[in-house]
Amino acid sequence: MPTFRMRDGSGSIRLKHVIEDTDRHGNVRVYLRRPGHLKVRLRSQPGTEDFLAEYRAAMIGATPSAPAGPLERRGSRGSFKWLCEQYYVSAEYQRLSSRTKYVRRGILDRICEKSGSKPYALMEPRHVRRMRDEMADRPEAANGFVKALRQVYAFAVEYELAQRNPARDVPYLKAKGDGFHSWTMEEVRQFEDHHPIGSKPRLALALMLYTGQRRSDIVRLGPQHIKDGWITLTQAKNRDRKPVTLSIPVLPELKAVLDATPTGNLAFLVTAFGKPFTSNGFGNWFRKQCDEAGLKHCSAHGLRKAGAALAAENGATERQLMAIFGWTTMKEASRYTRAARQKVLAASGMKLLSRGGGGPGGVEPKEI
């Protein structure tokens, strides 16, 4: 049985019977497993005081109640649950990434908990709209729900299990605002002031800011991806269906941080147990690092947006942004180039409002 160590105010502590398991979705979970006792999951962040308190409570038997059992697998033929079960074994579902499978199945299982016994053939667009509107305060969740239903019924129509797709013409809700907050350069400097070069949080920031990659790629990035000053990787998103492989140079700012920071062997960023982060685990960990730096409104995803905005403002074209960030269409890239062009045009155009630049009080404008 492996023995783990962590530090508290009195120094290093040995934690016996602590193990890590990786589930079928690639998520790393930590457990206390003592001979002759039930395995107990430890949910707090390893290396924290909360984790130590939870470990000690589990050692003396003060364990939380067991979670509810998994959703029953079998559904009666013709029920919505039965249709979902057919979808889960389909080629279309199997081609999805493990992360997409996990998210989509979670959505569908929640629907099954409420309406799994109902005949799927009786689903109407009005039912989909009503359920979507119940999540109007969470537009991203509502849109994920609609998308999941679209895919299930698209499968049903293709395999002649249904005659129509009731979710096909139900539109997505428009998201409020611009999504995740995009970091400003002042916020980047504030984070850097709190987390100096040589620390894991500073390395995480540099990897995201100076590669422009998603957190699902950052957690896999390691020395094996760098050769002759270039990073080459296949992005995790759509890796099993439409893989995108990128080669980007290692910028001097990133190299300086990498050279000064301890890293893992196969992944630059590792947990307190020396294991690579999962995408969700990394996001939660980085969220705490932002909080410690006084940036409670900042997140890992917002750094990717900040990098795209910075590159666009420095003159990057849409094609260049696509090459850096791995976008396969102009749609996403054009958002940033439009914003950058507006800023440049406004900077030059505002001179026309100046009293010394023409108009009232300045040089007489020419007649048109």
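These are my notebook entries on what I looked up in the structure above.

**Entry 1: ground rules**

I am working with a predicted model, in which local features need pLDDT of at least 70 and side-chain atom pairs count only at pLDDT 80 or more, while totals for chains, interfaces and linings use all residues. I number residues from 1 along each chain as its sequence is written, and the side-chain values use heavy atoms, with hydrogens and water left out.

**Entry 2: the whole protein**

I began with the secondary structure, which comes to 14 helices and eight strands; here helices (H or I, at least four residues) and strands (E, at least two) are DSSP runs, numbered from the N terminus. Of the 368 residues in the protein, 41% are buried, where buried means under 20% relative accessible area, exposed means over 50%, and partly exposed lies in between (1.4 Å probe, protein chains only). I noted an accessible surface of about 22000 Å², with 53% of that surface belonging to carbon and sulfur atoms; the areas come from the Shrake-Rupley method with a 1.4 Å probe, and for residues only the protein chains shown count as cover. Among contacts with a separation of 6 or more, 54% join residues 24 or more positions apart, a contact being heavy atoms within 4.5 Å.

**Entry 3**

I next looked up the open sheet of three strands with the order β3-β4-β5 and antiparallel pairing, counting two strands as paired if DSSP finds at least two bridges between them. Its edge strands, each pairing on one side only, are β3 (18–22) and β5 (40–42), and the twist averages 45 degrees from one strand to the next. Helix α1 (residues 49–59) packs on this sheet, touching β3, β4 and β5, and its direction makes about 165 degrees with that of β5; for such angles, axes are lines fitted to C-alpha atoms, for helices over the stretch in contact, and the angles run from 0 to 180 degrees between N-to-C directions. Between β3 and strand β4 (residues 28–32), which run antiparallel, I found five bridges, with Glu 20 standing opposite Val 30 in β4. In the loop between β2 (11–16) and β3 I came to His 17, which has a positive phi of about 70 degrees although it is not a glycine.

**Entry 3: helix α2**

Is helix α2 (residues 80–88) largely enclosed by the rest of the structure or left open, and why? I conclude that it is largely enclosed, because eight of its nine residues are buried. These buried residues are Phe 80, Lys 81, Trp 82, Leu 83, Cys 84, Glu 85, Tyr 87 and Tyr 88, and what covers them includes α3 (91–94), α4 (98–115) and α6 (139–158).

Strand β6 (residues 226–227) pairs with β7 over two bridges: Ile 226 has Ile 231 as its bridge partner, and Lys 227 stands opposite Trp 230. On the other pairing, five bridges join β7 to β8, where Ile 231 stands opposite Ile 248.

**Entry 4: the nonpolar cores**

Which residues touch the most other members of the largest nonpolar core? In this core of 35 residues they are Trp 183, Phe 282 and Phe 286, a nonpolar core being a set of buried Ala, Val, Leu, Ile, Met, Phe, Trp, Tyr and Cys residues joined through side-chain atoms within 4.5 Å. The elements giving two or more residues to this core include α7 (185–194), α8 (200–211) and α11 (279–292), and its largest share, seven residues, comes from α8. A second, separate core of 29 residues includes Ile 111, Ala 148, Val 152 and Phe 155.

Leaving aside residues up to four places away in sequence, I list among the contacts of Phe 286 Trp 183, Phe 191, Pro 201 and Leu 205. Gln 289, in helix α11, is buried with a relative accessible area of 8%, and with the same exclusion Gln 289 touches Phe 191, His 195 and Pro 201.
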